[in-house]
Amino acid sequence: MEEQEAIDLAADWADISQGLRKDLGHQLFTQWIKPIQLGKLNHETGTLDLFLPTQFSADWVEDRYHDRLSLAWKIASSDVRHISIKVHPGRRKIADLDLRGHDGFGHRAANDASLAMQSIGDDGFTASVGLDPSQTFASFVTGSTNVLAKNAAERMAKAEKPQFSPLYLKAATGQGKTHLLHAIGHAYLQTHPRARIFYCSAERFMVEFVQALKSNEMIEFKARLRGFDLLLVDDIQFIIGKASAQEELLYTIDALLAEGKRLVFAADRAPQALDGVEPRLLSRLSMGLVADIQPADIELRRAILESKLTKFAPLEVPGDVIDFLARTVSRNVRELVGGLNKLIAYAQMTGQEVSLQLAEEQLTDILSANRRRITIDEIQRTVCQFYRIDRAEMSSKRRARAVVRPRQVAMYLAKVLTPRSYPEIGRKFGGRDHSTVIHAVRLIEDLRQRDADMDGDVRSLLRQLES
């Protein structure tokens, strides 16, 4: 009975969520409604519990969406007469930060900068209480897509006064902006051992602001906030709403800049694209340098994977596995490294060797989520443009080397980048037999090992097709 009720409630919630997503838009829905978890329905009172991971998010949803959620549930289910929005009882309350420390807000002592991240439950919510010791400039792999942000971050941490402040790091999820924030903090402490540093998320800033407001400690809050030498604020896109909190952050930025202090912000979009942020604050966020981190290209993804392999020695990961992961898992670096870790952990626990087959078997979810649908037609068109031959040559019977080799490369790429079988690929190349495709794939694989020019051609084509 309880199991069926849970299924019915989940079905109702799916319908309600779909409507709210349309009404509120993707961003607001994802930020506030999506984290809601269903509790039990009290049939005596008709009250359904809705759980959120933090008190801040529970208060926010209660203030702004209670009436809408209540009405939606009453329409969806006659059993639900009331809703109760609260923090999940299984979550530990976010610990209050030690705002005072020994020599400033968020930094106990010069040699205590490497405080760990404190986990707040199974759903990924965390409270930042310091700098992650693993996220330094030394462990940050640089490529063409992130070199500007890396160089700007290093300058922000140097002893001499930076040319720009604030620094605003813009990148999609999992591309390294949080890593650079922590790296700036560590490097700054090397050049300024007694510096007062504070790292926090925008949501954490708002939590601290609201707590200070409720406890009549705003004077102390402002004094501590403006006593920093370096302020690092992550996920600034979540500073929406609460005009008073935005105003306080605005005044803090002005006060710190006037004293020559350093500020770094990070977000998943440019300042001008932030929703619900007042124009004056947007102006301050964009007045320094906005450094964009583009999605990692295949060369950078490969370099990141290779940099991670050292900690797994003497376990060997074949080069074709690294190439496969770098080519296939392209959405974000965090997912890429997570895939490698999962693969190696499985191999170690089962005693199997890491292989391409094992990667394809164990990383199906990650791989399917990352694969862009590349068609054989697209591959043929790209290869013909690259080698400057007519598209008709992909299906022709001509045996000239200038035609055969590009055709074999296209067959190889079709096997690597699409789920098509050898016979299906053969049919797209003028009805050729599957044995011809197999020969082409093996030949190009061999040539890539022996011929640097061929390997360079294939890498270039892969970049074009996967971009």
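**Notebook: a listed binding site and a helix pair**

I began with the UniProt record, an unreviewed entry, which lists G174, G176, K177 and T178 under "binding site". The model I am reading is predicted, so I keep to what its atoms show.

**Entry 1: G176**

I looked up where G176 sits. I found G176 in the loop that runs between β6 (167-171) and α5 (177-191). Is G176 buried or exposed? Its relative accessibility is 18%, and buried means under 20%, so I wrote G176 down as buried. I then checked its contacts, leaving out neighbours within four places in sequence, and noted F140 and I293.

**Entry 2: K177**

I moved on to K177, which is placed in helix α5. Its relative accessible area is 6%, so I noted K177 as buried. Which residues does K177 touch, not counting those up to four places away in sequence? I listed L169, A171, A172, D235, A266, A267, D268 and I293. I293 is in my list for G176 and in my list for K177.

**Entry 3: α15 and α16**

I turned to a pair of helices. Two packed helices are described by the angle and the distance between their axes. I looked up both values for α15 (residues 376-387) and α16 (residues 401-417): the axes come within 9 Å and cross at roughly 145°. The crossing of α15 past α16 is right-handed.

Which residues of α15 and α16 meet? From α15 I noted I376, I379, V383 and Y387; from α16, P406, V409, A410, L413, A414 and L417. Sorted by class, this contact has 10 nonpolar residues, no polar ones and no charged ones.

Definitions and conventions:
Residues are numbered from 1 along each chain as its sequence is written. This is a predicted model: local features need pLDDT of at least 70, side-chain atom pairs count only at pLDDT 80 or more; totals for chains, interfaces and linings use all residues. Side-chain values use heavy atoms; hydrogens and water are left out. Axes are lines fitted to C-alpha atoms, for helices over the stretch in contact, and angles run from 0 to 180 degrees between N-to-C directions. Helices (H or I, at least four residues) and strands (E, at least two) are DSSP runs, numbered from the N terminus. A crossing is left-handed if the near helix is turned anticlockwise from the far one by less than a right angle, and right-handed if clockwise. Contact means heavy atoms within 4.5 Å. Ala, Val, Leu, Ile, Met, Phe, Trp, Tyr, Cys and Pro count as nonpolar, Asp, Glu, Lys and Arg as charged, and the others, Gly among them, as polar. UniProt positions are given in the numbering used here, feature names are shortened, and annotations may be inferred rather than shown by experiment. Buried means under 20% relative accessible area, exposed over 50%, partly exposed in between (1.4 Å probe, protein chains only).
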